[in-house]
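Here are some notes on packing in this model. Please read them with the structure open.

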Amino acid sequence: MTRELEIQFQERSIGVLLSQMDKIFNLLKNSEESPLIDPDFSPKEIVLEKRKEFEYIADRIYNLCIAYLELRNLSIYIEKFDKRILPLYGNRDELSNISVNNIYDEEESLLTKTYREFLYSFRAFGGGEEKHLTGLDYLVNILKATNHILNEKGSKPSKESEVYNSVKIVCDVTFPKAQFDGGLHPFYTNAKCYKPDILIPSLHCAVEYKFAKTEKVLVKTIEEILIDVKGYSGHPIYKFFYAVFYVKTGIITENRFKEIWREKNFPENWKEIFVEGEVNP
C-alpha cells in the first residue's frame with residue numbers, strides 16, 4: 001500500500017470510528033429516558049457493554065491518529081495532540097460520559113469534539129461550505145447519479161448487469177486501477193467465490209448493485225447482501241463497501257427502504273445507496 005493510499009485509508013477509518021463513538025455516546029446519553037433493550041441482558045448490563053465498546057474504539061482511534069500524524073511527519077503536532085487528548089483518557093470509567101455543549105447548545109462527547117478540533121486542520125476532515133471532496137465522495141456522487149447515467153445512455157434496464165455496467169464505465173475512467181498488483185482479485189472463501197460488481201482498489205472500495213421491480217424483491221436482495229457480508233470481510237485491499245439499490249420508481253419510499261436497511265444491522269463499513277428509475281417491464 002502506498003503512503004498516499006495508507007493516509008486515505010486512515011482518514012476513512014478515523015471518520016467511521018468517530019461516527020461510531022457519536023452513536024454510542026447518544027445511546028448512553030438517552031438511556032435513562034429510552035432504556036436500551038435486549039432480551040438477554042438487563043438495561044444496566046447493556047450500558048456497561050456500550051461503555052466498554054466506547055473505550056475500545058477510543059483506544060483504536062487514538063492509535064490511528066498517531067499513525068496518521070506520524071505518516072505525515074508531524075512530530076510537533078503529535079506533542080500538542082497528546083497534551084490535549086491524553087488527559088481525557090485519565091478517568092477511563094468516565095470516558096464515555098464526559099460531555100460539552102456545542103455552538104448549537106447540543107450535548108456531545110468532549111472526546112470526539114476534541115478529536116475533530118485537531119483533525120479539522122486537515123482537508124479530509126474540514127467542514128463548512130468548502131468541504132474537501134475525497135475520492136470516496138466522488139464515488140458516492142457517481143453512484144447516486146446512476147439514474148442520470150442510464151438516462152444519458154438512453155437505457156431502460158431490465159436486469160442488474162445493465163445497470164452496473166453503465167456505471168462501471170464512468171468509474172473506470174474516473175479512478176485508477178493499476179495501483180495494486182492483484183487489486184481486482186475476487187473474495188475467496190472455502191465455499192464460495194464473491195465478485196463485487198465494481199472494484200476500485202485505489203479507494204479500497206467495492207460496490208455491489210441490486211435491481212428490484214417490486215418491494216418484495218428489494219427486501220430479498222437486502223437479505224442476500226447481508227448473507228454475503230461475511231464473504232466480503234478480511235480482504236487485504238477492500239475495506240469499504242457500497243450497496244446500490246436501483247429500484248423501479250414508486251415501489252417504495254426512500255425512508256421505508258432506509259428503515260429496512262437499518263433493521264438488518266449492517267457493519268459500519270457497509271453503506272447503502274437508494275436510486276429510483278425507469279425499468280423495462
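1. Tyrosine 89 touches Ala58, Asp59, Ile61, Tyr62, Leu95, Leu111 and Tyr115, where contact means heavy atoms within 4.5 Å. Residues up to four places away in sequence are not counted.

2. On the source: this is a predicted model, in which local features need pLDDT of at least 70 and side-chain atom pairs count only at pLDDT 80 or more, while totals for chains, interfaces and linings use all residues. Residues are numbered from 1 along each chain as its sequence is written, and side-chain values use heavy atoms, with hydrogens and water left out.

3. Tyr89 also belongs to the largest nonpolar core, which has 31 residues. A nonpolar core is a set of buried (under 20% relative accessible area, 1.4 Å probe, protein chains only) Ala, Val, Leu, Ile, Met, Phe, Trp, Tyr and Cys residues joined through side-chain atoms within 4.5 Å. Along with Tyr89, the members that touch the most others are Ile14, Ile61, Phe81, Leu111 and Tyr115.

4. Helices H1 (3-29), H2, H3 and H4 (110-119) each supply at least two residues of this core; helices here are DSSP runs (H or I, at least four residues), numbered from the N terminus. H2 gives the most, eleven residues.

5. Apart from this core lies another, of 26 residues, including Leu143, Ile149, Tyr209 and Ile273.

6. The axes of H2 (residues 43-71) and H3 (residues 75-85) come within 10 Å and cross at roughly 160°; axes are lines fitted to C-alpha atoms over the stretch in contact, with angles from 0 to 180 degrees between N-to-C directions. H2 is therefore roughly antiparallel to H3 (over 145 degrees).

Notes: Angles under 35 degrees count as roughly parallel, over 145 as roughly antiparallel, 65 to 115 as roughly perpendicular and the rest as oblique. Buried means under 20% relative accessible area, exposed over 50%, partly exposed in between (1.4 Å probe, protein chains only).
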